[in-house]
Amino acid sequence: MSRLTIYRDDAPETPLLRTESAATITAELSRIGVHFARWDSPVTLSPEDAPEKILAAYKPYLDELIGAKGAGSADVIKLTPDHPQAAAMRQKFLSEHTHTEDEVRFFVHGSGNFILHLDGRVYDAHCTQGDLISVPAGIRHWFDAGVEPFFTALRVFTDTSGWVAHFTGDTISERFPAA
Ligand SMILES: [Fe+2]
């Protein structure tokens with residue numbers, strides 16, 4: 001179940017709002033310029049399916065999104081707990097950072113938390129299968145897939161250099177609950 005938890009950025013122990021309503025999540029994130037949507041699965045996919053099959057299944061959605069964003073392309077990223085680099089890959093994006101282009105992810109399987117920090121608030125978006133989230137360029141955030149990371153996600157992008165994390169040096173992510 002998708003979930004959004006909002007905190008004051010100096011009060012990680014007292015959430016201001018916690019909701020599992022997709023409509024409320026969409027509305028709250030929209031207020032800060034973050035696009036959130038749910039895509040109905042056009043077919044039943046297995047985590048073992050090849051990237052080409054996953055991309056083909058979601059092509060109508062992707063074409064519309066890529067057209068709307070003017071982004072260049074899409075690919076598939078998978079992470080499973082038995083991946084030898086799973087812990088390192090989780091660690092890589094656990095500290096607050098920004099990117100030079102929007103970070104657009106669609107969860108085909110599994111889940112992950114995008115935690116956004118702006119306007120004195122922290123927005124922890126627990127995304128699950130069927131969720132699309134687009135984190136605008138420049139917004140401070142971190143990503144936590146948990147100690148047993150499991151997800152298959154579509155990435156929509158123009159230039160892979162946009163994935164480079166520019167760390168802010170703020171240790172705020174250590175003060176908020178881990179996924
Ligand atoms: Fe990021």
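Modeller: Rings of Phe, Tyr and Trp (for Trp, the six-membered ring) pair when their centres lie within 6.5 Å; planes under 30 degrees apart are stacked, those over 60 edge-to-face, and the rest tilted. A search of the whole structure finds 11 aromatic pairs. One of them joins F143 and F151. The model is predicted, so to speak of its limits: local features need pLDDT of at least 70, side-chain atom pairs count only at pLDDT 80 or more, and totals for chains, interfaces and linings use all residues. Residues are numbered from 1 along each chain as its sequence is written, and side-chain values use heavy atoms, with hydrogens and water left out.

Colleague: Which protein atoms are the donors of the iron ion?

Modeller: They are NE2 of H97, NE2 of H99, OE of E103 and NE2 of H141, at 2.1 to 2.2 Å from the ion. Donors are N, O and S atoms within 2.8 Å of the metal (3.2 Å for Na, K and Ca); water is not among the atoms, so a site may look incomplete.

Colleague: Why is the arrangement around the iron ion called irregular?

Modeller: The four donor atoms subtend angles of 82 to 167°, which makes the arrangement irregular. Four donors are tetrahedral if all angles lie between 85 and 135 degrees; four are square planar and six octahedral if opposite donors are over 155 degrees apart and all others between 65 and 115; anything else is irregular.

Colleague: What spacing do the donors of the iron ion follow along the chain?

Modeller: The spacing is H-x1-H-x3-E-x37-H. H97 belongs to strand β5 (residues 97-98) and H141 to strand β9 (residues 140-144), so this pair ties together parts 44 residues apart in sequence. Helices (H or I, at least four residues) and strands (E, at least two) are DSSP runs numbered from the N terminus. H97 and H141 are both buried.

Colleague: How do you know what lines the largest pocket, and what is its volume?

Modeller: The volume is about 370 Å³. Of its 18 lining residues, I77, F93, R105, F151 and R155 are the closest to its centre. Two or more residues come from each of β4 (73-79), α4 (86-92), β6 (103-118) and β10 (151-157), and β6 gives the most, with four. On a 1 Å grid over the protein atoms alone, a pocket is an open set of points where a 1.4 Å probe fits, with protein on both sides within 12 Å along at least five of seven lines; lining residues have an atom within 4 Å of a point. The volume is the space filled by probe spheres set on the points, joined across faces, edges and corners.

Colleague: How do the residues of the lining of the largest pocket divide?

Modeller: They comprise 11 nonpolar, one polar and six charged residues. Ala, Val, Leu, Ile, Met, Phe, Trp, Tyr, Cys and Pro count as nonpolar, Asp, Glu, Lys and Arg as charged, and the others, Gly among them, as polar. The second largest pocket holds about 170 Å³. Its lining includes R90, W142, D144 and F176, and α4 and β9 each give two or more residues. That lining has six nonpolar, three polar and three charged residues.

Colleague: Why is D119 called exposed?

Modeller: D119 has a relative accessible area of 67%, and is therefore exposed. D119 sits in the loop between β6 and β7. Its phi is positive, about 55°, although D119 is not a glycine. Most residues other than glycine have a negative phi.

Colleague: What makes H35 partly exposed?

Modeller: The relative accessible area of H35 is 42%, so H35 counts as partly exposed. H35 lies in strand β3 (residues 35-38). Its C-alpha is 8.5 Å from that of P136, 101 residues apart along the chain.

Colleague: Why does T128 count as buried?

Modeller: T128 has 12% relative accessibility and therefore counts as buried. T128 is part of strand β7 (residues 121-128).

Conventions:
Buried means under 20% relative accessible area, exposed over 50%, partly exposed in between (1.4 Å probe, protein chains only).
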